[in-house]
Amino acid sequence: MFSIEDRVVATKGIELGEMVVTGLSAGGFYVHVTVDGMTLTYPAQDLKKA
């Protein structure tokens with residue numbers, strides 16, 4: 001499971017390098033991340049800690 005401010009990288013989809021976790025969905029299935037001023041949402045299984 002991820003926590004706010006964790007550094008993560010994508011294992012599937014678009015690889016944008018290291019991203020910072022900014023939020024989690026209620027069920028924990030989706031993770032909100034920020035990279036280069038953009039906020040994106042990834043499925044939790046498509047991320048790993050950097």
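**Exercise 1.** How many bridges join strand β1 to strand β2, and do the two run parallel or antiparallel?

*Solution.* Before we start, note that this is a predicted model, where local features need pLDDT of at least 70, side-chain atom pairs count only at pLDDT 80 or more, and totals for chains, interfaces and linings use all residues. Residues are numbered from 1 along each chain as its sequence is written, and side-chain values use heavy atoms, leaving out hydrogens and water.

Step 1: find the strands, which are DSSP runs of E with at least two residues, numbered from the N terminus. β1 covers residues 7–10 and β2 covers residues 19–24.

Step 2: count. Strands pair if DSSP finds at least two bridges between them; here 2 bridges join β1 to β2, and the strands run antiparallel. Val8 stands opposite Met19 in β2.

**Exercise 2.** Find the salt bridge partner of Asp6 and say whether Asp6 is buried or exposed.

*Solution.* Step 1: apply the rule, a side-chain nitrogen of Lys or Arg within 4 Å of a carboxyl oxygen of Asp or Glu. Asp6 pairs with Lys49, the closest N and O atoms being 3.6 Å apart.

Step 1: Asp6 lies in the segment before β1 and Lys49 in strand β5, 43 residues apart.

Step 2: check accessibility (buried is under 20% relative accessible area, exposed over 50%, partly exposed in between; 1.4 Å probe, protein chains only). At 17%, Asp6 is buried.

Key: Helices (H or I, at least four residues) and strands (E, at least two) are DSSP runs, numbered from the N terminus.
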